[in-house]
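User: I would like to learn how to read charged pairs and surface patches in a protein model. Could you take me through them one at a time?

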Amino acid sequence: MVLFLLSLVFQHSSLWFGVALAIVQGFACALIGLMPLHDGSHFSITNSPFIWAVCQHLHDFLNGASSLIWTYQHVLGHHPYTNVEGVDPDIETADHDIRRIKTSQPWYRHYIAQHIYTPLVYCFLAWKTRYQDIVILHVARTNGSIRINPPSPLALFLFWAGKVTWFTYRVLIPSLYMPVWQVLFYLTIADFVTSYWLALTFQANHVVGEVDWVTPNEKNEIEVDWAELQLRTTQDYAHGSWFWTTFTGALNHQSTHHLVPGVHQYYYSQIVPLIQRVAKQHGVKYLCQDTFTDALASHIDYLRTMGEKPKTT
């Protein structure tokens with residue numbers, strides 16, 4: 001909110017200062033998703049259900065995206081079924097999707113360049129999420145294979161109150177003090193920053209060639225222990241970096257988060273050595289890249305590989 005007030009005072013008088021504030025605001029909005037929303041949805045901060053709810057709904061009111069839909073996608077879908085074909089909403093794809101990340105997807109010629117164009121469209125994640133919230137809740141009523149239960153009156157009120165509040169403070173009120181084009185310009189910059197920060201930090205964890213992509217058997221069973229599944233489908237990065245540990249909500253320790261999501265992110269770096277030791281004892285590889293750059297490169301390399309035309313046998 002401090003950034004919002006500063007933007008009202010200064011953005012209309014200095015375009016470049018407004019751009020700088022928009023970048024910082026976009027980064028701050030990303031951290032709302034990585035910290036209070038994430039911690040609240042996993043109940044890892046305090047033991048108070050009220051605090052959990054407040055942390056989650058900051059995402060509704062400040063980011064304009066639904067914490068309710070996030071809970072279905074992330075907590076009920078992604079975490080139990082990480083990288084499992086047909087179940088994990090995070091890897092749900094259409095037959096003619098914008099990108100090809102699974103061997104089960106048909107190949108189209110434009111995928112040859114997906115390692116170039118796909119990272120460019122990650123900037124639209126924020127707008128996609130806000131729109132997708134509405135479609136999932138009111139039209140599809142599923143998120144992939146995860147069914148969306150009818151929302152309670154309170155949940156429905158918070159869903160729409162969050163979106164109206166976000167539109168009011170991010171678009172309507174600033175439009176009283178500066179031209180609409182300038183408001184939308186700053187909003188777009190902020191959303192691009194938010195989208196890239198969230199998309200790239202998560203893609204480097206799961207959409208890489210180093211991890212497993214699991215397909216249930218003919219009985220719709222997953223033939224691997226759940227804890228082992230988390231390690232085989234997740235990649236960490238930059239364990240020794242204060243910056244990446246702090247500003248990704250410690251999700252550079254993603255494997256640890258998947259194994260103990262109810263533990264606060266502050267403790268992940270202390271838990272990692274224990275998990276690595278136990279994994280080694282059981283012959284399970286713990287995947288970790290030395291730097292975020294290495295992890296991001298592995299994501300780009302995976303897009304390039306999956307974009308190549310499959311060899312016919």
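User: What do the side chains of Asp-212 and Arg-232 form where they meet?

Analyst: Side chains of opposite charge can pair when their charged atoms come close. The term salt bridge is used here for a side-chain nitrogen of Lys or Arg within 4 Å of a carboxyl oxygen of Asp or Glu. In this predicted model, Asp-212 and Arg-232 meet in a salt bridge, with 2.6 Å from N to O. The pair links distant parts of the chain, 20 residues apart, since Asp-212 sits in the loop between helix H8 (180–206) and helix H9 (226–232), while Arg-232 belongs to helix H9. Helices are DSSP runs of H or I with at least four residues, numbered from the N terminus.

User: Which residues are linked with Arg-232 in a network of salt bridges?

Analyst: The network links Asp-212, Glu-228 and Arg-232, for Arg-232 also meets Glu-228 in a salt bridge of 3.3 Å, N to O. Glu-228 and Arg-232 both lie in helix H9, four residues apart, which is about one turn of the helix.

User: Which residues form a nonpolar patch on the surface?

Analyst: A patch is built from residues with over 30% relative accessible area and no salt bridge, where like charges are joined within 9 Å and nonpolar side chains (Val, Leu, Ile, Met, Phe, Trp, Tyr) within 5 Å. Here Phe-167, Leu-172, Ile-173, Leu-176 and Tyr-177 form such a nonpolar patch, with about 510 Å² of accessible area together, an area that comes from the Shrake-Rupley method with a 1.4 Å probe, only the protein chains shown counting as cover for residues. Ile-173 is placed in helix H7 (residues 153–175) and is partly exposed, at 31%.

User: What should I keep in mind about numbering and confidence?

Analyst: Residues are numbered from 1 along each chain as its sequence is written, and side-chain values use heavy atoms, with hydrogens and water left out. Local features need pLDDT of at least 70 and side-chain atom pairs count only at pLDDT 80 or more, whereas totals for chains, interfaces and linings use all residues.

Terms used: Helix = DSSP H or I, 4+ residues; strand = E, 2+ residues; numbered from the N terminus. Buried < 20%, exposed > 50% of the residue type's maximum accessible area, 1.4 Å probe, protein only.
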